[in-house]
Amino acid sequence: MSWGIARRSPMPDTRKASQARRGPRVAIVGAGVVGSVLGRILVEEGGEVVAVVSRRLASARQAGRFVRCRRVSTELSSIPPAAEIVYLTVPHAAIEEVAGALALHPGLRFDRLAVCHASGVLTADVLAPLAQRGATTFSFHPLQTFPRTFTPHRIVPSARGIFYGVDGSDRGVRMARRLARSLAGRVVIIPPESRVLYHAACVVASNHLTTLMAILREMFQGIGSSEHEFFRLFAPIVNATLENIRQTSPADALSGPVARGGLETVAAHLDAVRSVVPHLMPYYRAVSLETVRLARAKGSIDAGQEVALRKLIISRGSEESLFVESQ
Ligand SMILES: NC(=O)c1ccc[n+]([C@@H]2O[C@H](COP(=O)([O-])OP(=O)(O)OC[C@H]3O[C@@H](n4cnc5c(N)ncnc54)[C@H](OP(=O)(O)O)[C@@H]3O)[C@@H](O)[C@H]2O)c1
């Protein structure tokens with residue numbers, strides 16, 4: 001994958017570059033897509049990337065060019081004492097090891113240093129060896145999707161102004177707020193015990209939505225239409241639904257046969273899905289049952305309609321057959 005920049009995203013113009021630095025001095029460890037994108041935004045917003053460290057020098061160099069940082073290395077010892085924050089953007093499985101190695105770095109003033117990581121599932125506890133040396137530690141998870149098949153340049157606009165899921169000491173949270181501000185973003189505090197559920201929610205927001213669109217495309221292909229661009233067709237209904245939810249709530253935005261208690265239509269849909277795309281029945285039934293719960297919360301169906309709809313949906317398959325259908 002080339003990260004060459006065909007069209008550059010706006011870098012600080014001469015006026016901006018000549019302004020005094022506003023943001024913190026950050027060293028990035030892990031020259032992947034997250035480190036590159038957030039490093040670039042930091043620089044565009046007036047901060048400074050003082051070092052890029054990665055496992056492979058080629059990755060560090062590529063990211064260094066993107067975030068306008070000349071100090072690139074494979075060695076943690078290249079992080080200069082001037083660094084105020086070290087941001088670990090390595091894969092989450094490598095964070096513990098890298099944190100342990102960083103804690104042995106002789107050239108850093110840990111009492112003046114903050115260290116954070118980008119994992120959504122790990123808390124600040126994984127940085128304990130650094131906290132023990134006096135560093136301020138916190139987790140700093142960008143609540144956004146950074147697909148590795150996209151260039152960092154392409155992702156930058158969608159990563160500006162996002163939320164960061166944070167936990168840490170009071171000092172850590174204060175530092176997280178400063179770092180978020182310097183990325184034009186904001187902080188949401190996630191209690192450590194809820195971190196995994198928070199990350200599962202992020203998976204629903206991005207990965208499940210993507211899977212849902214893949215299912216939609218597959219169902220559309222089963223229709224036999226000559227229209228090839230499924231998303232062009234469905235974009236208005238998808239976008240309007242999201243906008244309606246944004247303006248009101250999921251319950252208020254719900255329409256359709258389940259919300260109306262339309263038993264016959266729901267039965268016909270289940271039969272059509274079973275006949276054309278049978279492997280989608282587990283998904284279709286599970287989400288239909290959740291839609292019944294939402295319709296009941298909305299108040300558009302009564303208790304009797306809820307029971308009838310549940311019975312109908314459950315009757316269209318057992319858990320065993322769901323397993324077989326998904327093979
Ligand atoms: N991708 C997303 O959508 C997303 C969203 C939110 C949060 N995150 C989190 O952000 C972090 C980074 O994710 P990513 O998608 O940017 O991953 P990535 O593209 O795979 O980048 C990680 C980089 O870390 C480097 N690396 C691996 N092990 C290392 C080590 N021991 N020491 C130094 N560098 C090492 C790799 O460098 P080399 O190329 O040099 O081998 C790689 O370029 C993860 O914790 C992830 O959970 C990701």
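How far apart do the C-alpha centres of domain 1 and domain 2 lie? The distance between these centres is 40 Å. The bounds, which come from an automatic or database domain assignment, are listed here.

| Domain | Residues |
|---|---|
| domain 1 | 14–190 |
| domain 2 | 200–325 |

This is a predicted model: local features need pLDDT of at least 70, side-chain atom pairs count only at pLDDT 80 or more, and totals for chains, interfaces and linings use all residues. Residue numbers start from 1 along each chain as its sequence is written.

**Confidence.** The protein has an average pLDDT (the predictor's confidence in each residue, from 0 to 100) of 92. At least 70 is reached by 91% of the residues. Residues 1–18 fall below 50. Beyond near neighbours in sequence, this stretch makes eleven contacts in the model (C-beta atoms, placed from the backbone, within 7 Å).

Helices (H or I, at least four residues) and strands (E, at least two) are DSSP runs, numbered from the N terminus.

**Ligand shell.** Around the ligand are 25 residues (C-beta atom, placed from the backbone, within 6 Å). Gly30, Gly32, Val34, Ser54 and Ser59 come nearest. α2 gives the most, with three.

Definitions and conventions: Contact = placed C-beta atoms within 7 Å.
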